[in-house]
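Here are my notes on the model, as numbered points. Please read them with the structure open.

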Amino acid sequence: MTGWRLARAILIWVALALAIGVPIAAAATSEQLAWRGPVYILAGFAGIIALGLVLVQPLLIGGYLAPLSAYRGRRAHHWIGGTLAFAVVIHVAGLWITSPPDMIDALTFSSPTPFSPFGVVAMWAIFIVALLASLRRRLELRPRTWRIIHIPLAIVIVLGSVVHCLLIEGTMETISKVVLCMLVLAVTVKVMIDLQVWRKRRTLRGESGARSAAGGPGLL
C-alpha cells in the first residue's frame with residue numbers, strides 16, 4: 001500500500017469512527033436519559049448503532065475500507081448485515097417491553113407519530129434481506145438475481161432508516177444525527193454509481209474482447 005493509499009485508508013477509518021462514535025457519545029450525554037428506564041435506553045442505543053451499521057455496509061461492498069480485500073469486505077458485509085438485523089431486534093423488542101401499545105400501533109401502521117411507518121418499513125426490509133442472505137445458497141440465487149432483489153431493498157433500508165431517524169426528536173443530538181444520516185445517503189449513492197460504472201466498463205471490455213477474438217473492430 002502506497003503512502004497516499006495508506007493515508008486515505010486512515011482518513012476513511014477515522015471519519016467512519018467519528019461519524020458513528022460522535023452521535024453515540026452525544027446521545028449518552030442527553031438529559032432525556034434521566035427520564036428513561038434501562039430497557040428503553042438499550043433499545044434507543046441499539047437503534048443508533050443500527051444506523052451506524054447501515055453506513056458501514058455500503059463502504060464494505062464498495063471496497064472503501066482498506067486494507068480489507070474484496071473477499072473479506074463481502075464477508076464482513078454479510079456478518080455485519082446479521083449484526084444489523086440483531087440490533088434492530090433489540091431496538092424493537094426493547095420498545096415493545098417499555099410500551100406495547102405504541103409498538104402495536106407502529107407495526108400496524110396506525111401510529112400518529114410520522115416517523116413510525118418509515119422505521120417499520122426499513123425493519124421489514126432488513127429482515128427480508130437477512131433471511132434471503134441466509135437462504136441464498138439453498139435458493140440457488142444467482143449473483144444477478146440477488147442484486148435485483150437486494151439493491152431495491154437496500155434503498156428502502158437506507159431511505160426508511162434515514163427518514164425515521166431524522167423525524168425522531170429524542171436523545172440523539174441534532175447536528176451529529178443529521179451528519180450521520182447525510183453520510184449514509186451520500187455513501188450509498190456513491191457506491192451504487194461506482195458499482196454501476198464498474199459493471200458497464202466490464203461489459204464493454206467483454207464485448208471488446210469478443211469482437212477482437214472474432215476479428216472485428218474493437219472499441220477504442
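1. First, a term for the helix pair discussed in point 4. A crossing is left-handed if the near helix is turned anticlockwise from the far one by less than a right angle, and right-handed if clockwise. Helices (H or I, at least four residues) and strands (E, at least two) are DSSP runs, numbered from the N terminus.

2. On the source: this is a predicted model, where local features need pLDDT of at least 70, side-chain atom pairs count only at pLDDT 80 or more, and totals for chains, interfaces and linings use all residues. Residues are numbered from 1 along each chain as its sequence is written, and side-chain values use heavy atoms, with hydrogens and water left out.

3. Overall make-up. The protein chain has eight helices and zero strands. Its pattern along the sequence is α-α-α-α-α-α-α-α. Of its 220 residues, 32% are buried (under 20% relative accessible area; exposed is over 50%, partly exposed in between; 1.4 Å probe, protein chains only). Contact means heavy atoms within 4.5 Å. Among contacts between residues at least 6 apart in sequence, 68% join residues at least 24 apart.

4. The α2 and α3 pair. Helix α2 covers residues 38-61, and its axis lies 8 Å from that of α3, at an angle of about 160°. Axes here are lines fitted to C-alpha atoms, for helices over the stretch in contact, and angles run from 0 to 180 degrees between N-to-C directions. The two helices are therefore roughly antiparallel (over 145 degrees; under 35 is roughly parallel, 65 to 115 roughly perpendicular, the rest oblique). The crossing of α2 past α3 is left-handed. Their contact involves 19 nonpolar residues, ten polar and one charged. Ala, Val, Leu, Ile, Met, Phe, Trp, Tyr, Cys and Pro count as nonpolar, Asp, Glu, Lys and Arg as charged, and the others, Gly among them, as polar.

5. The loop between α2 and α3. Pro67 sits in this loop. The peptide bond from Ala66 to Pro67 is cis, with omega near 10°. Please check it in the viewer.

6. Helix α5. Does its length agree or disagree with expectation? The 19 residues, 116-134, should span 27 Å at 1.5 Å a residue, and the end C-alpha atoms are 27 Å apart, which agrees. The expected span is 1.5 Å times one less than the number of residues. Buried residues of α5 include Gly119, Ala122, Met123 and Ile126. An α-helix has 3.6 residues a turn, so residues three or four places apart point the same way. The cover over the buried residues of α5 includes α3 (70-98), α4 (100-107), α6 (136-139) and α7 (143-167).

7. Positive phi. Phe109, in the loop between α4 and α5, has a phi of about 60° although it is not a glycine. Glu140 has a phi of about 55°, and is not a glycine either. Glu140 belongs to the loop between α6 and α7. Glu140 is exposed, at 68% relative accessible area.

8. Ala28 is in helix α1 (residues 3-28) and is partly exposed, at 46%. Ala28 and Met172 are 144 residues apart in sequence, yet 8.4 Å apart in space, C-alpha to C-alpha. Not counting residues up to four places away in sequence, Ala28 touches Leu33 and Phe45. Ala186, in helix α8 (residues 174-213), is partly exposed at 45%. Ala186 and Leu55 are 131 residues apart in sequence and 9.5 Å apart, C-alpha to C-alpha.
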